[in-house]
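Please read the following report alongside the sequence and the coordinates.

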Amino acid sequence: MQKICAFLIKPLFVGGLISLLTISCSSVPKQINLKRTSISQIRSIVVTVKIPNPKVIHERMVSDIPPTGVPLVHLIDSAISLSKDETHSESARNAIDVMDLKNILGNHFVENIRHANLFNEIVYFPNQPDDNRKQFFREKYYAVLEIDIRDLSFVRTGDGNLCLYIDIRGTMIKQDDKEILWSRQETIRSKETYTLAFVTTYSDELRKVFYQTFQSLAERLAADFLYLE
Amino acid sequence: MRQRTLLYLQIPLAVFLSIIIHGCSFTHTLKISEVPSLQINSPLRELPSKTFVINEFTDKRVNTVIFSDTGHSFVSDPNLLRIMRKVLIDELSRQGQTCVNQVSKDIPDYIIEGVVYKYSFGIGGAKFTRGRATAEVGLRLTVSPNNGSERFTKDYEGSFFVKGGFGGPTAIEMLNQAMLNAIRDFLLDKEFIEFLRKS
């Protein structure tokens, strides 16, 4: 019965997939470019970086059909996989210094946009600003540019190794009226794959991987940022 | 009793329909409608304008199927290579460079050859779960100076992914984005810029 259900559900699933491939409710997030007219008013900006703890998705099945058959078995399997992945993610969190990653990204980005001499002052602030700091920013800086990494995950690929996925949003918001002056999205999937051991035991080699990836991300974002309309 | 009889009828009917669906094969073409332009400021703008001829791209993919499952195959647009070449021409021009046709009287500074070796779309874990849909484009570009000096060859791989859930961009929009990312990496490549400066 279980097999029959799976056999019947798959064509339906593929039918749904076709509609997902061809029909869309929304498109790639809209980009907002910096305008030359806005630049003249901006004297100083503050740059902040948000990075979540890295996730490892290694055990959870990468299946292309939704689970069918006996629900209890799947529930137990899923719970075990989830628990194992939580342990891997915990190891990765302990091994990877998120502040180090923030600094690599923030410093490279600021360095890249300083060359353009668009602003009198660009300050990189590594921590998430508290209320006092936000007030200080409002008084001192014209706009806040936030680089927000929304997804930082190592995901299992076909060869059993892990691939690095990064989803990043850059937004610059004017302090007084909260107008969005610039907005971009970038996603990166690493070309190379890494073993679980490599990811969960932070080594100099892994730092090199992050260093190169974040340097490239910073350059891309800066090139986007410096495109003036 | 009647319900049981209906159930006995329904199961073979469903199995029969499923066999028909499984047995059929459908091929869909993912047409490229419109590729948005890149909005970047490349270091190429700081260089003096050079003249490029961009030859027709060649296809080194094993096959043209982008994605397939249970009898459904999605193949790439037959004009893919032409479109990709045009995107490269447009983007180089937008960065202050000059692109001419081979037949033009102008003598180009460089000739660019492009080889498409990857154009794929994959869904890992399905959109229904927390999986990812990923589009990947691989483009090998060879830039040969007209003065006969050493040429520059490099592979550029662009990707774009979205995390699970309904909605979001279509496969073709994601593939377009991945294509643009590969071309952007070329336009921002420090090694390529250095090559242009030296040659």
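## Basis and confidence

This is a predicted model, in which local features need pLDDT of at least 70 and side-chain atom pairs count only at pLDDT 80 or more, whereas totals for chains, interfaces and linings use all residues. Residues are numbered from 1 along each chain as its sequence is written, while chains are lettered from A and ligands numbered from 1 in the order in which they are written.

Over residues 61-65 of chain A, pLDDT stays under 50. Where pLDDT is low, the predicted coordinates should not be read in detail.

## Helix pair in chain B

Helices H2 (residues 80-94) and H3 (residues 171-188) of chain B, both DSSP runs of H or I with at least four residues, pack at an angle of about 40°, with their axes (lines fitted to C-alpha atoms over the stretch in contact) 11 Å apart. The contact (C-beta atoms, placed from the backbone, within 7 Å) is made by Met84(B), Val87(B), Leu88(B) and Glu91(B) of H2(B) and by Met179(B), Ile183(B) and Leu187(B) of H3(B).

Most residues other than glycine have a negative phi. Asn117(A), in the loop between helix H4 (98-114) and strand S3 (121-125; strands are E runs of at least two residues) of chain A, has a positive phi of about 50°. Asn117(A) is exposed (12 or fewer other C-beta atoms within 10 Å), with 7 such atoms.

Lys178(A), in the loop between strands S5 (162-174) and S6 (180-189) of chain A, has a positive phi near 60°; Lys178(A) is exposed, with 8 other C-beta atoms within 10 Å.

How values were computed: pLDDT is the predictor's confidence in each residue, from 0 to 100. Two residues are in contact if their C-beta atoms, placed from the backbone, lie within 7 Å. Axes are lines fitted to C-alpha atoms, for helices over the stretch in contact, and angles run from 0 to 180 degrees between N-to-C directions. A residue is buried if 20 or more other C-beta atoms lie within 10 Å of its own, exposed if 12 or fewer, and partly exposed in between; C-beta atoms are placed from the backbone.
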